[in-house]
Amino acid sequence: MLLDIYEPGETPLPHAGDSDRAAVGIDLGTTNSLVAVSVNGRPEILRDALGDGIVPSVVAYLEGDDEPVVGRVATRILEREPELVVASVKRLMGRGTGDVASLGGHLAQKIRDDGQGGMVRLDVGGRIVSPVEVSGEILRTLRQRAEMVLGKTVDQAVITVPAYFDDAARTATRDAARLAGIEVLRLVNEPTAAALAYGLDQAAEGLYAIYDLGGGTFDVSLLKLEKGVFQVLATGGDAALGGDDFDRALAEHLIGERGGGIAAGDVKPVLAAARRAKEALTDADATTIDLDIGGRATRHTVTRAGFNALIAPLVGRTIAAARAVLQDAGVGAGELSGVVLVGGSTRVPLVRGEVTALFGREPLSDIDPDEVVALGAALQAEALTIGSDTLLLDVVPLSLGLETMGGLIEKVIPRNTPIPVSRAQDFTTYQDGQTAMAIHVVQGEREMVDQNRSLARFVLAGIPAMVAGAARIRVTFTVDADGLLTVSAREALTGVEARVEVKPTYGLTDDEMTGMLRASLENARSDVVTRLLAEARVDGRRLILALDAALASDGELLSVGERAGIEDAKAALETAMTGDDREAVVAATEALEAAGRPFAERRMDRNIRRALSGVDVSRLESRLQAG
Amino acid sequence: MGARLMAIEITAPVSCNSCGGQIEDAICGGCKSLQPPGQLDHFARLGLERDFAIDGQALERAYFAAQRRFHPDRFAGRGAKEKTFSLQHATLINEAYETLREPLPRARYLLELEGRPLPGEDGKTIADPALLMEAMEWREALEETAPADLPALKAKLDAELATVEGELALAFAGHDLAGATNQALRLSYLSKLGSELRRKAAPRIAVP
């Protein structure tokens with residue numbers, strides 16, 4: 001496609017809508033992902049038939065199925081068979097095994113160290129996958145949703161990343177898009193996308209702070225807007241802090257209140273209860289939580305003040321990071337023209353209160369904080385395909401440097417330098433006759449190498465033998481407009497050139513990428529029909545598993561005839577599931593559900609009777625109130 | 001702004017990198033394709049006059065105008081060659097902006113252009129005894145000032161910085177390169193002092 005570039009103000013009317021291709025905006029989140037499209041400057045979230053715009057960033061790999069299952073269905077499988085499911089994979093993008101030592105939850109158990117370094121691999125029910133592949137599956141699902149809703153080919157996208165994402169994580173995101181058959185028009189920082197969604201590029205000039213607290217990540221950025229140009233002045237945050245940590249803090253409090261500890265397998269329902277309580281406390285001053293775990297029921301009351309006290313240290317960390325960003329940019333909180341809230345966790349009243357207190361003004365929050373990033377990404381995708389006056393000027397989020405003698409770091413590109421950028425630094429040999437030099441590229445703000453992220457290592461060989469200090473090795477760092485880094489080195493003095501391009505330590509090798517691309521092409525039958533069929537099979541399978549468990553424990557509630565009826569319906573479903581007819585699977589699932597309904601009702605009755613027997617009247621009353 | 005940028009960019013008749021036609025602009029008038037960036041100093045790249053005294057807002061306007069023309073986002077739909085050229089343009093525009101934005105790197109760069117790069121700036125190599133004495137007095141003042149009195153010291157330092165910038169502008173305007181070098185060295189240690197003062201006033205919060 002050939003595009004003309006127009007001077008500002010001369011941009012012709014967009015002609016989107018008449019093409020059979022569309023470029024979308026994708027918010028690839030830690031917890032949830034969304035896809036949106038913009039036509040004539042009006043962005044819209046692309047929703048499924050039920051109006052649900054959110055695709056949980058959860059991928060299930062079922063035995064025997066080539067096609068992983070993504071989204072809500074995978075979330076249901078997560079509860080039952082967590083070993084087959086990957087969630088929060090964004091935390092692993094571009095990470096090595098050393099980086100994830102502190103990682104908790106179900107992800108930690110899946111991490112495999114193949115001893116070869118590089119990005120972590122996950123063992124998901126015996127299948128070894130990389131975080132890039134898992135993210136690729138999420139992107140593929142979003143792409144399919146977009147194609148189904150729009151009825152167009154969707155092969156270009158703007159994908160958002162946290163402003164704090166380092167080079168390895170950005171590269172991994174790009175690789176994931178490639179696996180999903182998506183050309184990345186631009187990786188855009190999430191806060192910048194949010195500002196676009198609020199139309200700040202149209203209306204406002206001045207300084208804006210974007211406070212983005214998602215499920216698993218926190219970002220704060222300072223944007224300067226002038227005449228349609230977005231300039232990221234400074235950015236900071238915490239790649240491992242989010243609303244999930246609020247849930248965890250409350251869950252730990254609840255477990256402590258119950259006393260007596262808890263089995264590892266019972267943590268999940270407590271977390272779920274904590275999350276519901278957190279959401280309730282957005283509007284209510286107090287809420288009650290009933291836990292029935294390990295055969296012991298407890299009731300807990302949580303006030304908003306109590307919850308605030310639990311999460312205050314976490315919120316305090318975000319406020320400290322926001323202060324640091326202001327300080328970095330040499331800007332006082334009073335100089336801001338506005339504050340934008342992004343991320344579902346900004347619904348928490350304490351967060352709003354602290355942000356308002358820090359910046360001395362009410363933040364902007366009228367766009368759904370879960371959707372705002374995807375909407376902005378869609379606007380930028382439209383801008384890049386049809387032309388626009390808005391320009392995003394980003395910065396390097398974390399300093400880039402090299403390891404020098406003694407494990408110290410020499411910064412080559414300091415953080416908050418505008419990109420694209422290219423900087424060179426000269427180094428020399430420290431031994432007579434030295435003919436090679438190890439080059440270790442790191443990213444971060446700390447003084448010592450081992451406190452920062454290792455991005456790449458390579459060796460510059462073929463340096464002519466000279467006395468120590470005579471060679472002049474020029475190392476050049478180049479960061480493109482997406483924030484992706486290339487490092488090259490050459491010995492300049494003798495005219496001998498040795499030049500090496502680097503792949504990130506935690507990226508994928510070209511061979512790995514080729515293999516994964518081939519595999520993804522072989523799985524090209526992953527169209528909407530097979531996806532729906534896979535989901536229908538999963539639903540059927542879940543029902544059978546649930547029914548088998550119920551029959552094993554309460555089978556005596558059924559007469560021989562009734563049981564045979566259920567077994568017949570079950571056999572019919574199993575047969576349907578081996579075929580490729582989705583309608584047949586759905587129908588057989590419904591038939592089995594119908595056949596099992598009287599059994600389910602009888603089980604419920606019995607369980608209630610069991611629960612009530614041996615309970616004295618006063619406790620019964622309190623328990624009924626609880627219910 | 002754009003017209004001026006073009007006039008400086010092209011110094012001799014050049015053929016378009018894509019269609020071969022004669023071009024007078026960084027973007028070919030015939031086929032609209034982007035040309036590789038030329039060899040320009042940072043001032044010329046942004047269409048500014050070579051001078052120490054520059055208007056900060058004019059610099060930003062020039063910077064934004066240049067990025068608006070050349071940034072890779074403007075060439076997202078183009079071929080690989082033009083994408084590479086636009087990346088090169090944008091990189092050089094950023095370098096120009098970063099160099100000219102703050103007074104110290106701007107003074108340093110101007111002296112480089114004049115073939116008189118600033119000598120070492122680590123504070124140990126100040127040769128002028130008067131300058132050395134002044135630097136030591138400032139340092140002592142910073143060390144002995146109680147936290148409560150730091151704002152007053154900062155105000156004094158800010159005033160001194162403004163004076164030095166004025167002196168620098170005068171020196172460059174009168175092509176007094178020795179004087180400019182002297183004032184640039186003062187600016188160098190005063191700036192360093194300024195960042196130490198800020199650190200002392202508000203301890204850096206570690207970004208996790």
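Two strands count as paired if DSSP finds at least two bridges between them. With that in hand, welcome to this predicted model.

**A sheet in chain A: E8, E9 and E10**

- Here 3 strands of chain A form an open sheet in the order E8-E9-E10, and their pairing is antiparallel.
- Strand E8 (111–112) and strand E10 (127–129) of chain A are the edge strands, each with pairing on one side only.
- How many bridges join E8(A) to strand E9 of chain A? There are 2 bridges between E8(A) and E9(A), which covers residues 121–124, and the two strands run antiparallel.
- To find one of the partners yourself, look for Ile111(A): its bridge partner in E9(A) is Leu122(A).
- As background, the strands of a sheet pair through backbone hydrogen bonds, either parallel or antiparallel.

**Another sheet in chain A: E22, E25 and E26**

- This open sheet has 3 strands of chain A in the order E22-E25-E26, again with antiparallel pairing.
- Its edges are strand E22 (421–427) and strand E26 (485–491) of chain A, and each of these pairs on one side only.
- On average, neighbouring strands of this sheet are turned by 15° against each other, with direction ignored.
- Strand E25 of chain A, residues 473–479, pairs with E26(A) through 7 bridges in the antiparallel sense.
- Which residue of E26(A) stands opposite Val479(A)? Leu485(A) takes that place.

**Two packed helices: H5 and H11 of chain A**

- Two packed helices are described by the angle between their axes and the distance between the axes.
- For helix H5 (residues 190–197) and helix H11 (residues 372–386) of chain A, the angle is about 80° and the axes are 7 Å apart.
- Angles of 65 to 115 degrees count as roughly perpendicular, so H5(A) is roughly perpendicular to H11(A).
- On the H5(A) side, the residues that meet H11(A) include Glu190(A), Ala193(A) and Leu196(A). Among the residues they face in H11(A) are Val372(A), Leu375(A) and Gln380(A).
- By residue type, the contact of H5(A) with H11(A) is made up of 10 nonpolar, 2 polar and 1 charged.
- Is H5(A) mostly covered or mostly uncovered? H5(A) is mostly covered, with 8 of its 8 residues buried.
- Among these buried residues of H5(A) are Pro191(A), Thr192(A) and Ala197(A).
- Just after H5(A) comes Gly199(A), which takes a positive phi of about 65°.

**Chain B on its own**

- Chain B has 8 helices and 2 strands.
- Reading from the N terminus, its elements follow the pattern α-β-β-α-α-α-α-α-α-α.
- Chain B has 208 residues, and 32% of them count as buried.
- Take the contacts in chain B between residues at least 6 apart in sequence: 53% of them join residues at least 24 apart.

**Where chain B touches chain A**

- In this meeting of the chains, 23 residues of chain B are in contact with 30 residues of chain A.
- Which elements of chain B give two or more residues to this side? They are helix H3 (56–70) and helix H4 (80–101) of chain B.
- H4(B) gives the most to the side of chain B that touches chain A, with 6 residues.
- The residues on that side of chain B divide into 11 nonpolar, 5 polar and 7 charged.

Methods. Residues are numbered from 1 along each chain as its sequence is written. Chains are lettered from A and ligands numbered from 1 in the order in which they are written. This is a predicted model: local features need pLDDT of at least 70, side-chain atom pairs count only at pLDDT 80 or more; totals for chains, interfaces and linings use all residues. Helices (H or I, at least four residues) and strands (E, at least two) are DSSP runs, numbered from the N terminus. A residue is buried if 20 or more other C-beta atoms lie within 10 Å of its own, exposed if 12 or fewer, and partly exposed in between; C-beta atoms are placed from the backbone. Two residues are in contact if their C-beta atoms, placed from the backbone, lie within 7 Å. Ala, Val, Leu, Ile, Met, Phe, Trp, Tyr, Cys and Pro count as nonpolar, Asp, Glu, Lys and Arg as charged, and the others, Gly among them, as polar. Axes are lines fitted to C-alpha atoms, for helices over the stretch in contact, and angles run from 0 to 180 degrees between N-to-C directions. Angles under 35 degrees count as roughly parallel, over 145 as roughly antiparallel, 65 to 115 as roughly perpendicular and the rest as oblique.
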